Amino acid sequence: MGPLKGIKVIDMTTVLMGPYATQMLGDYGADVIKVESLEGDVTRLIGPTRHAGMGPVFLNTNRSKRSICLDLKKPAGREAVLRLIKGADVLVYNVRPQAMVRLQLGYDVVSEINPRLVYAGVFGFGQDGPYAAKPAYDDLIQGATALPALMAQTGDGVPRYVPNALVDRIVGLTAVGAICASLVHRDRTGRGQRVDIPMFETMAGFVMGDHMGGLTYEPPLDKGGYARHLSRDRRPYKTADGYLSVIVYNDKQWENFFKATERDDLRADPRFATFAGRAANIDFVYAELARIFETRTTAEWIDLLTKADVPVMPMHDLRSILHDPHLEATGFFPVVEHPTEGPIRSMKVTASWSETEAEPVRLAPRLNEHGAEILRETGYSADEIAAMVRDGVTRSSPE
C-alpha cells in the first residue's frame, strides 16, 4: 500500500541509472513493468552469480518489478509496447532521445496514444546544446563535472573517479522527484508531459553547488572550491588501532571537544576559537586533529566523543557495515528468500510514511518472468502470445 499504489510505470531502462529510479518507484508502490531486450539487461551478467542472468547488481536495482522481454525492432514488439503505454501513467527510458525516435516511440507518437502519460528520459545531456546526441556514462560525467580533478587536488595528484556509480544514483534520485512532480501536475491538469533529466547538467549543479565559491560572483572573487572539502586532511582520522570518522563543526561541538580532551590551549588559539578562524586555517585545524586522534584507540574515542555529544561514527568497510548495530536494529539488511536465488541480502526502503508505508512488493525477476502475464493483461490471447514467441518477438516465460 505504498504512496504510488495504482500508478503503472513502463520501465525501458537498463544498467543502473534508470533501473535505480524505477526500483524506487516500485518500492513506493507503483506497478513497474520492466521491458527488456531478448538478451536482458546487461547488469544481469555482472557477477558473482548463483545462476546465469541473476547477478547482484541486477538483483539490487530491479526488485519491485515485473519483467517482459520484447524485440522492439520488430513491428509486433513495438505494437506490444504501445499497448502497454496506452494504459500506463509513466514511461521511463535512458537511451538517447534520438534512439526513441528511431524506434518510433518519441514523445510526439506516444502522447497521441496516451495524453496523460509522463514521458521521462534520463540520458546524458540537455537537448538544446551541442552535446545533445553524445553518449554518456557515469565515468564520463564524473570527469566532465570536475570530480576526478577534485580527487587529485585532495589526494596524491592523480585524478580518480569516485569508487561508486555516483552519477547514476544521483540522477536516478533526481528522476524520481521529477516524475512524482509531473504526476502531481498531471493530476491537477489532466495532462501528461515530457520531462528530461540530463546527467551532465544534474551533476554540474550537484558538484558546483559546493564548489562554486568565489566563482559565484562576477567578476570572480577567487578560483572556486570549498576549502573544508578540499583540505587534504579531511579524511577519516587514524587512531591508535584503526580509523574513525569525526566532524567537529559548530562552536558548541568545539567547546565540547575542548572540554573532553582537556585542550584549553586550543580554546585560546584564534585558529580554533571561532568558525571564521577555523575556516581560514582549515588545513592546520585538520592536521592538529589528526595528531590528537592518534593518541587513543577507536573504542576510547567513540566512547569519549559520544558522551561529549561530538559527531562521531565508525569507519566501516564493505563487510563491517553489514553488522553496524544501528542497521542491525533497524533491519536494514534483511536476508530474504528469492524464488530462484535462495537466501539473498536485501536492503530496506529508507523512507517511511505514517499512512502509506512502502516495502518491496517482489524480488528482482528472471528475464521475461512475467511476459505472458503482462501480455494477457494487455489483451493478447494465448495463441497470439505463442505466435510472438515463435516469431522471435518475445521469449517463452521461464519455468
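**Exercise 1.** State which residues touch the most other members of the largest nonpolar core, and which element gives the most to this core.

*Solution.* Of the 37 residues in the largest nonpolar core, Val9, Val90, Val171, Ile197 and Met203 touch the most other members. Such a core is a set of buried Ala, Val, Leu, Ile, Met, Phe, Trp, Tyr and Cys residues joined through side-chain atoms within 4.5 Å; buried means under 20% relative accessible area, with a 1.4 Å probe and protein chains only. At least two residues each come from elements including α1 (17–27), β5 (118–123) and α8 (166–189). Helix α8 gives the most, eight residues. Helices (H or I, at least four residues) and strands (E, at least two) are DSSP runs, numbered from the N terminus.

The model is predicted: local features need pLDDT of at least 70, side-chain atom pairs count only at pLDDT 80 or more, and totals for chains, interfaces and linings use all residues. Residues are numbered from 1 along each chain as its sequence is written, and side-chain values use heavy atoms, leaving out hydrogens and water.

**Exercise 2.** Classify Ile141 as buried or exposed and list what Ile141 touches.

*Solution.* First, locate the residue: Ile141 is in helix α6 (residues 138–144). Next, Ile141 counts as buried because its relative accessibility is 0%. Finally, leaving aside residues up to four places away in sequence, Ile141 touches Phe125, Ala136, Val167, Met199, Phe200 and Met203, where contact means heavy atoms within 4.5 Å.

**Exercise 3.** Identify the buried residues of α3 and what covers them.

*Solution.* Helix α3 covers residues 75–86. Within α3, Gly77, Ala80, Val81, Leu82, Leu84 and Ile85 are buried. Their cover includes β1 (8–12), β2 (31–36), β4, α5 (107–113), α18 (371–377) and α19 (382–390).

Key: Buried < 20%, exposed > 50% of the residue type's maximum accessible area, 1.4 Å probe, protein only. Expected span 1.5 Å × (residues − 1).
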